[in-house]
Amino acid sequence: MRALLVGISLENDPYDIDYSLAELKSLAEALDIEVVEKMYQKLERPNAKTYVGSGKLNEIIIAIHAYDIDVLIFNDELSPSQIRNIEELTKIEVIDRSYLILKIFEQRSQTKESYLEIKLAKDLYLLPRVQFLREKEDRIGGGGLTKGKGETQKELDQRHLRNEIVRIKDELERLQKMKSLQVEKRKRNDIPIVALVGYTNAGKSTTMNTILDLCGAKEEKKVLSKDQLFATLSTFNRKVTYNKVDFMLVDTIGFVSKLPHNLINSFYQTLEEVKNADLIIHVLDSSSPYINSQLMVVLNVLYSLNANKIPTIYLFNKWDKTINPNLSMPGAKSLYYSNKTKENLNELMNIILEYVTPSTIRSKILIPYSKGDLANLIEVNCHIYEKEYQAYGTYYDCEIPMKMYSIFHEYDLDTMVS
Ligand SMILES: Nc1nc2c(ncn2[C@@H]2O[C@H](COP(=O)(O)OP(=O)(O)OP(=O)(O)O)[C@@H](O)[C@H]2O)c(=O)[nH]1
Ligand SMILES: [Mg+2]
C-alpha cells in the first residue's frame, strides 16, 4: 500500500510539523504501509469540511496520480464527515492518525487489560464510522465487524458495538478495581515505587531489563524491549532488591503526541501507578533529533496526571549514539546513560537508592543503664512507641533515623547475639 501523508501546521502548534509527520511515517510503517510522499499546509484552523483547504486538496489530487498513491493518511483525527468528503473528492481511501495508533495498539496488546482498553477505544472510534470503515478494516487486516451491507446492517453493527462497549466497560471496571487494591496493598506494605516513564521507543523496557539483570532477577521477569513504537502497552511491576533494599520497578506505556481521544482515558488509567511513585526515571532518547518535542509531550502528560511534583531524574539514554553531546536539563537532576555500554549504571543505582532507602527504621532496642548518653540520643531524635525500664537497661520500641542506626545496631534486640 502506497501512502501520502497530509498534515497541517497551526499557529502556536506545540508540535513541530516535520517531527509530527516523521512520527506519522513511523506509525504507518509499523503497519507495513509504504510512505511515498508528505504534504502539509499552514492554517489558522483545520477546514471543517475537508481538513485542508480546497487549493491544497487539488495539489493532493495531482500528487495521488503522480505518485500512484493508494491511501491518504491524515496527521490528526478526522470527523466521519471529513473522511467521507475527502474520499469523495480524491476517490481514494482516507485514514487518520488515530486509526493508525488504534491498529498498532490492537496488534501489540499483550495483557487482557490492554486488549480490552484498546477494543473499547476502537469500538468508540468505529461507532460513528461503522458503515464506511468496515471495508477498510478488511483491507488493513483485523477483520470487519459483521458481513453485509445497507442501512439495516449498519444499525445491527451499531447495536452490536454498543453492547460490546457496555460489556467491555464493565469488565474493565472489575479489572481496575482489582488493580487499585493491589496498588493500595503495595502502598500499605510501603515498598517504594520507581517508575520508568518516557516517549515511546526511548528505552524504558531495556533500562528495566538492565536493572533486573544487575539485581540478579530471573530471565522470565524481564520485559519485552524492541525497536518499535509501542512495544509496551501496559504497566509491568517487578520487585527488585538492590543492596538489601527492596523497591518496585515499574515499566510503563510509551507516550506519544496526538493520542486518539478515545484512547486517552485508558492511557491515563494505565499510568495510574506513576502517581504513587517515589521516584520517576524520565527516559529520553539522546539519539533522536526530536528529543525536545518528545520531552514536552511527556512533561505535559505528567502534569495532567498530577505527577509533576514527584522527584524525577532525567536519563539521557542511548548516550552511546547521542547526536548532541551538549544535551542538558538545567536545574534538574540528570544523567548520561547507556544500556549498551552500561555507562553510569552505578550512578543510576545510587540515585535510586537515595530515594528508596527508608529514612527511618523501626527497632526494639535495649540500652544498658551505663550508656545514659545513648538513651538520651533516642529520647531526643527518635519517635518512641514504647519505653520500659527493665533489669539490664531501658527498652525502647522506636523509629530511628537511618543515618543514626549504626550507633544503635549492637543494642538492637533483633540482631543482638544472646
Ligand atoms: N544504542 C542503544 N540502543 C538502546 C539503548 N537503550 C535501548 N535501546 C534500543 O532502543 C529500542 C527501544 O527500546 P525499548 O526499551 O523497547 O523502548 P521503550 O521505551 O520501552 O519503548 P515502548 O515500550 O515502545 O514505549 C530497542 O531496540 C533497544 O535495543 C541504548 O542505551 N543504546
Ligand atoms: Mg517498553
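Trainee: At what angle do helices H4 and H5 pack, and how far apart are their axes?
Mentor: Remember first that this is a predicted model. In it, H4 and helix H5 (residues 112–126) pack at an angle of about 150°, and their axes are 10 Å apart.

Trainee: Why are H4 and H5 called roughly antiparallel to each other?
Mentor: Angles over 145 degrees count as roughly antiparallel. The angle here is about 150°, and H4 and H5 are therefore roughly antiparallel to each other. The crossing has a hand as well: H4 passes H5 in a left-handed crossing.

Trainee: Which residues of H4 and H5 meet?
Mentor: From H4 come Ser98, Leu102, Phe105 and Glu106. They meet Ile118, Ala121, Lys122 and Tyr125 in H5. By class, this contact of H4 with H5 has five nonpolar, one polar and two charged residues.

Trainee: H5 has another helix partner, H9. At what angle do H5 and H9 pack?
Mentor: H5 and helix H9 (residues 261–270) pack at about 160°, with their axes 8 Å apart. That makes H5 roughly antiparallel to H9, because the limit is 145 degrees and the angle is over that limit.

Trainee: What is the hand of the crossing of H5 and H9, left-handed or right-handed?
Mentor: The crossing of H5 and H9 is right-handed. Glu117, Leu120, Ala121, Leu124 and Tyr125 in H5 meet Asn262, Leu263 and Ser266 in H9. The residues of this contact divide into five nonpolar, two polar and one charged.

Trainee: Now H1 and H4. At what angle do their axes cross?
Mentor: The axes of H1 and H4 cross at roughly 45° and come within 9 Å. That makes H1 oblique to H4. The reason is that roughly parallel needs an angle under 35 degrees and roughly perpendicular needs 65 to 115, so an angle of roughly 45° falls among the rest, which count as oblique.

Trainee: Which residues of H1 and H4 meet?
Mentor: Leu24, Leu27, Ala28 and Ala30 in H1 meet Arg97, Leu100, Ile101 and Ile104 in H4. By class, the contact has seven nonpolar, no polar and one charged residues.

Trainee: How many bridges pair S1 and S3?
Mentor: S1 and S3 pair over four bridges, also in the parallel sense. Leu4 stands opposite Leu72 in S3.

Trainee: In what order do the four strands of this open sheet stand, and what makes two of them edge strands?
Mentor: The order is S2-S1-S3-S4, with parallel pairing. Strand S2 (34–43) and strand S4 (93–96) are the edge strands, as each pairs on one side only. The twist averages 25° from one strand to the next.

Trainee: Which strands does helix H1 lie across?
Mentor: Helix H1 (residues 17–30) lies across S1, S2 and strand S3 (71–74), and runs at about 150° to S1. Helix H4 (residues 97–108) packs on the sheet too, touching S3 and S4, and its direction makes about 70° with that of S4.

Trainee: What is the pairing in the open sheet of three strands, parallel or antiparallel?
Mentor: The pairing is antiparallel, and the order is S11-S13-S12. The edge strands, each pairing on one side only, are strand S11 (360–368) and strand S12 (383–389). On average, neighbouring strands are turned by 15° against each other, direction ignored.

Trainee: How do you know that S12 and S13 pair?
Mentor: Six bridges join S12 to strand S13 (residues 393–401), and at least two are needed. His383 stands opposite Glu399 in S13.

Notes: Residues numbered from 1 in each chain as written. Chains lettered and ligands numbered in written order. Predicted model: local features only at pLDDT ≥ 70, side-chain atom pairs only at ≥ 80, totals over all residues. Helix = DSSP H or I, 4+ residues; strand = E, 2+ residues; numbered from the N terminus. Axes fitted to C-alpha atoms, helices over the stretch in contact; angles between N-to-C directions. Contact = placed C-beta atoms within 7 Å. Left-handed = near helix turned anticlockwise from the far one by under 90°. Nonpolar A, V, L, I, M, F, W, Y, C, P; charged D, E, K, R; others polar.
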